[in-house]
Amino acid sequence: MTTVIKGGTIVTADLTYKADVLIENGVITEIGPNLSGDETLDATGCYVMPGGIDPHTHLEMPFMGTYSADDFESGTRAALAGGTTMVVDFALPSPGQGLHDALQMWDNKSTRANCDYSFHMAVTWWGEQVFNEMESVVRDRGINTFKHFMAYKGALMVNDDEMYASFQRLAELGGIAMVHAENGDVVAELSAKLLAEGNTGPEAHAYSRPSQVEGEATNRAIMIADMAGVPLYVVHTSCEEAHEAIRRARQNGKRVWGEPLIQHLTLDESEYFNADWDHAARRVMSPPFRNKKHQDSLWAGLMSGSLSVVATDHCAFTTDQKRYGVGDFTKIPNGTGGLEDRMPMLWTHGVETGRITPNEFVAVTSTNIAKILNCYPRKGAVLVGADADLVVLDPNKEKTISAATQQSAIDYNVFEGHKVKGLPRFTLTRGQVAIYDGEIRTQEGHGKFVKREPNTAVNKALSTWKELTSPRPVERTGIPATGV
Ligand SMILES: NC(=O)NCCC(=O)O
Ligand SMILES: [Zn+2]
Ligand SMILES: [Zn+2]
C-alpha cells in the first residue's frame with residue numbers, strides 16, 4: 001500500500017519547492033512531480049513539512065507527590081493533533097534507583113504511544129552504580145542525552161561536584177549533558193522567606209525564581225561543561241540572562257544549545273497576578289513565565305540562531321492536582337501543557353508575524369532537534385529514505401484554542417482563547433495518517449522507540465579540540481639539578 005501527498009509545497013529547514021511525496025512501508029520512497037499511489041492526500045494550498053519533534057516532555061511522570069496527567073497515549077495523541085510526530089521524554093530515576101530500573105518503567109508506560117518517541121536519561125543522584133550504568137544506557141539503549149536538575153533541592157537536584165563528575169563521564173561516553181538551570185539553593189532560601197512573610201499564593205512561585213537564578217545556573221553549567229569537555233543542552237531557557245550566557249558561550253566557540261518553550265515565548269508573568277487562584281496555579285512552572293523584555297530576547301535568539309529549538313516541557317496537571325498547593329505555593333505541582341499547541345502557536349506568533357521564516361519554523365520545531373539529538377535524517381527531514389513523519393500544514397486553517405476540544409487529559413489549557421492560524425490538514429506518523437482533516441485516527445501502540453547513537457559530529461569535534469588544547473608538560477632542554 002502506497003500513499004502520495006499531492007499538490008503541496010515542501011518546506012524543509014533549507015528549501016521550499018513544489019513536489020509530491022510518495023510513501024511506502026512508512027518511509028519516503030520518492031519526491032517529485034506527478035507521483036501517484038494507492039491513497040492520495042490532497043495537499044493543495046498546504047505546506048508539506050517534517051513532523052514536529054518535541055524534545056522535552058514529561059508523560060505520566062511521578063513528580064511532587066503525584067503523576068503528570070497526560071500519559072503516552074493522550075500525550076502523543078495531543079502531539080499528533082498539533083503536527084508533532086515524535087516526543088522525547090525524560091526517564092527519571094527516584095533517588096537511589098538504578099538507571100535501567102527507571103528505564104524499565106518508562107518502557108512499560110511508552111508501549112501506548114501513538115507516535116515515535118525516544119528518552120533522555122535523568123541523573124538525579126550520583127554514585128558508582130550511576131557511573132557504571134551510564135555506559136550501557138548509552139551503548140545498548142541508544143540514549144545519548146542526560147539531564148541534570150540544578151533545582152528542586154532535596155528532590156531531584158544534583159550539586160556541582162556531582163554534575164562535574166557526570167559531565168566528565170558523558171564526555172568519555174560521547175554523550176550530551178542537559179541541564180535544568182536554576183540555582184536550587186537560592187530558590188529554596190527565597191521560597192522559605194516568602195512563605196514566612198505570608199506570600200503563599202501562586203504569584204510567589206514567580207517571585208521565588210527571578211531571572212538571576214536562571215542566569216547564574218546557566219552560566220555555571222556552561223563553564224562546568226566546558227571544563228568537562230562535553231556539549232551542553234540547556235532546557236527551557238526563559239530569560240535574557242540565561243540567553244545571554246548561551247549567546248556569549250556560542251560566540252566564544254563553546255558547544256551549547258538553548259531551548260526556549262512556546263509558553264515562555266507567548267505567555268507572560270501577568271498570568272500569575274490573576275485574581276483567580278486556579279488560573280494562576282495552572283500556569284505555575286519552572287522557570288516561571290517572564291516579562292516582555294525576556295520574551296523579545298527569546299524571539300531574537302530564534303531569529304539570530306543563538307537559541308536552537310522550541311519545546312513544550314509538556315508536564316500537565318489537572319486543576320485538582322494544582323490545588324495540592326492551596327496555602328503553600330511550593331506544593332503546587334510544577335508544569336504546564338502545550339504538546340497540541342506548540343506548532344500552531346509558533347506558526348501564528350512566529351511565521352504569521354514575520355519573526356521567523358517557514359524554513360526557520362521547520363528548523364526549530366524539527367530539523368535542528370533531530371540533528372542535535374542525533375536522529376537526523378531518519379527524523380526531521382523530507383528526504384528519500386526518511387521516516388514518513390510529516391505534517392501537511394494548511395496556513396489558512398484557523399481555530400481558537402480551547403480545553404473543550406483538546407486531546408490532553410487535563411481540564412484547562414494555558415492557551416485558552418488564543419486564536420491560531422496554520423493547522424495540520426494531515427499528520428502522518430511513519431506513513432500512517434493519524435490526523436485526517438480534523439479527524440483523530442491515531443493508533444495506540446503504533447509508536448516505536450528511536451535509538452540515538454553517541455559520538456555525534458559535535459562530540460567528535462569537541463573532544464578533538466579538547467585533546468589538542470589539553471594541558472601537557474613543557475618539554476625542556478636543560479633541567480637544573482635538584483637544589484639541596
Ligand atoms: N518545568 C516544570 O515546571 N515541570 C516539569 C519538570 C521540569 O522540567 O522542571
Ligand atoms: Zn526542568
Ligand atoms: Zn521538563
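**Figure 1. Contact between helices α7 and α8.** Ser-211, Gln-212, Glu-214, Gly-215, Thr-218, Asn-219 and Ile-222 of α7 touch Glu-241, Ala-242, Ala-245, Ile-246, Arg-248 and Ala-249 of α8, a contact being heavy atoms within 4.5 Å. This is a predicted model, in which local features need pLDDT of at least 70, side-chain atom pairs count only at pLDDT 80 or more, and totals for chains, interfaces and linings use all residues, while side-chain values use heavy atoms, without hydrogens and water. Residues are numbered from 1 along each chain as its sequence is written, and chains are lettered from A and ligands numbered from 1 in the order in which they are written. Helix α7 covers residues 211-228 and helix α8 residues 240-251; the two pack at an angle of about 25°, their axes 7 Å apart. This makes α7 roughly parallel to α8 (angles under 35 degrees; over 145 is roughly antiparallel, 65 to 115 roughly perpendicular and the rest oblique). Five nonpolar, five polar and three charged residues make up the contact of α7 with α8; Ala, Val, Leu, Ile, Met, Phe, Trp, Tyr, Cys and Pro count as nonpolar, Asp, Glu, Lys and Arg as charged, and the others, Gly among them, as polar. Axes are lines fitted to C-alpha atoms, for helices over the stretch in contact, and angles run from 0 to 180 degrees between N-to-C directions. Helices (H or I, at least four residues) and strands (E, at least two) are DSSP runs numbered from the N terminus.

**Figure 2. Site of the zinc ion (ligand 3).** His-56 (NE2), His-58 (NE2) and Asp-313 (OD) coordinate the zinc ion (ligand 3) at 2.0 to 2.2 Å. Along the chain, the donors of this ion follow the spacing H-x1-H-x254-D. Donors are N, O and S atoms within 2.8 Å of the metal (3.2 Å for Na, K and Ca); water is not among the atoms, so sites may look incomplete. The angles among the four donor atoms of the zinc ion (ligand 3) are 82 to 139°, and its site is irregular. Four donors are tetrahedral if all angles lie between 85 and 135 degrees; four are square planar and six octahedral if opposite donors are over 155 degrees apart and all others between 65 and 115; anything else is irregular.

**Figure 3. Site of the zinc ion (ligand 2).** The protein donors here are His-180 (ND1) and His-236 (NE2), which lie 2.1 Å from the zinc ion (ligand 2). This pair links distant parts of the chain, 56 residues apart: His-180 belongs to strand β14 (residues 176-180), and His-236 to the loop between β15 (232-234) and α8. The site of the zinc ion (ligand 2) is irregular, with angles of 57 to 145° among its four donor atoms. The zinc ion (ligand 2) and the zinc ion (ligand 3) are 3.6 Å apart.

**Figure 4. The open sheet of four strands.** The strand order is β5-β4-β1-β6, and the pairing is mixed; strands pair if DSSP finds at least two bridges between them. At the edges are β5 (27-32) and β6 (39-42), each pairing on one side only. Neighbouring strands of this sheet are turned by 20° against each other on average, direction ignored. Strand β4 (residues 20-24) and β5 run antiparallel and are joined by five bridges; Glu-24 has Val-27 of β5 as its bridge partner.

Figure 5. Eight bridges connect β17 with strand β18 (residues 419-429) in an antiparallel arrangement, and Lys-399 has Val-420 in β18 as its bridge partner.

**Figure 6. Backbone details in two loops.** Most residues other than glycine have a negative phi, and most peptide bonds are trans. Asn-374, a residue other than glycine, has a positive phi near 75° and lies in the loop between α14 and β17. Pro-377 is found in the loop between α14 (358-373) and β17 (390-400); the peptide bond joining Tyr-376 and Pro-377 is cis, with omega about 5°. The peptide bond from Ser-286 to Pro-287 is also cis, with omega near -10°, and Pro-287 lies in the loop between α10 (277-282) and α11 (292-304).
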